[in-house]
Amino acid sequence: MTLTLKLAAALLLALLALSGCNAAQGDAWRYDPGIPAQVSGLKAESGDRLVTLSWTGNPTATSYNVYFVSEIGAQQVTRGNGYRINTPMSSLVIGSLDNHTVYHFMVTALNRDGESVDSVQVSVAPGPIADADLTGVWYFHTLVTGPEAKWEQGTLTVDADHTAVVSAFSDSSGSTQAPPGFALTVDGTGALAQSGSGAWVDFHGAMGARKNLMTATWSPTLQSRAITIFQKKKAATDPDYTIDDISGTGSGQNPSNPYLQGNGPTRFVYHQLYSGASNEWEYCNAKVGQHGNIWLDQYKDVIYWDFSTPASKTVNYDYLWKVTSVGIDPDGLVSEYWNFTDIVDPVTIPSFNTLVPRSPHEVVFTGRMTADRTVVIGVGTTTDALGNNPRYFLRIMQLCFIPTDQALPQPGVNDLAGSYKFARLAATTPAVGAGTASWAYGTFSVGSSGAANFTSYADSGGSSQLSDTFTLALYPDPNPDQKSYTDFANFTTPAQDGRPHYYGTDGTPLRRYYDFASYGSTVAVPSTWRLEDTGTRYYNEHGSLSYNRDLFVMTRTDASGYGMLVGLK
């Protein structure tokens, strides 16, 4: 081989290597993914007039075709004999089906190169809600508001004979003494009933049509009111939870496939209701990054923005910038920790945020991820800088998408439309005292235009109707840093004018307060804290819809005070 030929060969190898590097850096236009592989892991779960399908996300797919047919039409489904639904998500709830009729399902994956071969078919028959749907283990979280404010959590095991036993119990006081059990039944409409010596007073509960979530309101004492959310534990045969269920995939390479782009951080929204020292609701957008915090890699950093309360909103992009990290254990227990190792008592700064770390890597919140890995429900406690004036909270986190999905959902008001079985907890916040606590339950309907009303209603004060209507509209992601996200299923009523929310020691209203929202800072260095601006505009109704479009959570202020509504389709 001549020198010229050797140089040409070397140049060709260099160009090929460079091309490969560019592809490995996530250049999707230079990488041909090929037709997606066959969809695997297809699973169908029966609901009341619906079926929930889920499958393993394909890293080279940009959408999926779901084909289905009833047994009345065919003994198996093909691409030509059934209905077809295209979706960017790796889970789909198909409604308006006939109970007791078997349906056959299969899924294919698509991208610009074509459609995969058919998946293995699964068949299932929807069925009405029945006592058998209660059998199993349920995690529960309770918030109590009123004079005896607190939170409770534990597991509820229901046997085939309707016996329900509470275990793994704990509450905000540190008690682990489980309350007595009771008998639990459900009728065909999803209405729950308790009986026996351990039955909860004024209990009113409902099971959602997917049969994986239940809500309830009740009265622990004469003046206190409570809301409880139950979530069905995942099947023992399902895979363990991992950090991949909640962490981001980065904006460059997708860790599932180095040739593909990731969707960036995993976005979620949370709604939170407080009781105790003050009753208030809270809402915030958030995202979990791809990289772990320096103190423990498997815990991923969290960024919060658009933080909202009943009377104000933050106006800067970042509310808390990587000052906490979140992780998950194999059983789905999600924990959020402060990242700080150095702690200082900030009590000398009167306008300091009351969410204060008091020990290195202190736990902020713990909750359970649902079996479909799209919602986290849990409880926690906040205090002032001295550890006094505790506030107890219930938090519901709703993930915008499955982290490994290549395509992202783009929700609209049509996704919100429908009827929901709701439970609501609320309390007033007077100048002195615990305030008046209340609960309500019934059905809540949203039309295709976003018009919402309470079609049936009952509350702890004895009222049996609520002539309260409002209209919800999609609320685009508001962050001002040029990184708008279209996957948030957030809905609000029109903005309103607020009032000052933070006050100095002299009673002067403040539009800003100190916040240690910087990754590199420590709480022990007050000079690194920054002043956070708050706006006067806020949204009185702020709701979010879950990934599977069956759970609606809304915080609002009305005549009952500050409240949270939890609705199940």
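Is Trp200 buried or exposed? Trp200 counts as buried, because its relative accessibility is 11%. Buried here means under 20% relative accessible area, exposed means over 50%, and partly exposed is in between, with a 1.4 Å probe and protein chains only.

A word on the source. This is a predicted model: local features need pLDDT of at least 70, side-chain atom pairs count only at pLDDT 80 or more, and totals for chains, interfaces and linings use all residues. Residues are numbered from 1 along each chain as its sequence is written, and side-chain values use heavy atoms, with hydrogens and water left out.

Now the chain overall. The protein chain has 2 helices and 42 strands. Both are DSSP runs numbered from the N terminus: helices are H or I with at least four residues, strands are E with at least two. Of the 569 residues in the protein chain, 54% are buried. The accessible surface is about 23200 Å², and carbon and sulfur atoms hold 54% of that surface. Those areas come from the Shrake-Rupley method with a 1.4 Å probe; for residues, only the protein chains shown count as cover. Next, contacts, meaning heavy atoms within 4.5 Å. Take the contacts with a separation of 6 or more: residues 24 or more positions apart account for 61% of them.

On to the aromatics. The whole structure holds 27 aromatic pairs. Rings of Phe, Tyr and Trp (its six-membered ring) pair if their centres lie within 6.5 Å; planes under 30 degrees apart are stacked, over 60 edge-to-face, the rest tilted. Back to Trp200. Its ring and that of Phe230 have centres 6.2 Å apart and planes at 20°, so this pair is stacked. Trp200 lies in the loop between strand 13 (191-195) and strand 14 (204-207), and Phe230 lies in strand 16 (residues 225-232), so the pair ties together parts 30 residues apart in sequence. Phe230 is buried too, with a relative accessible area of 2%.

Next pair: Tyr420 and Phe552. This one is tilted, at 5.8 Å centre to centre and 45° between the planes. Tyr420 is in strand 28 (residues 418-427) and Phe552 in strand 41 (residues 551-558), so the pair ties together parts 132 residues apart in sequence. Both residues are buried. They also belong to one aromatic cluster, along with Phe422, Phe444, Phe454, Tyr457 and Phe470.

Ala452 counts as buried, because its relative accessibility is 2%. Setting aside neighbours within four places in sequence, Ala452 contacts Phe444, Ser445, Val446, Asp468, Thr469 and Phe470.

Two charges over rings. The charged end of Arg391 sits over the ring of Tyr274, 3.8 Å from its centre. The charged end of Arg395 sits over the ring of Tyr270, 4.5 Å from its centre. The criterion: NZ of Lys or CZ of Arg within 6 Å of the ring centre and within 35 degrees of the ring normal.

Strands pair if DSSP finds at least two bridges between them. Strand 2 (residues 50-54) is joined to strand 5 by 4 bridges. Within strand 5, Val93 stands opposite Thr52.
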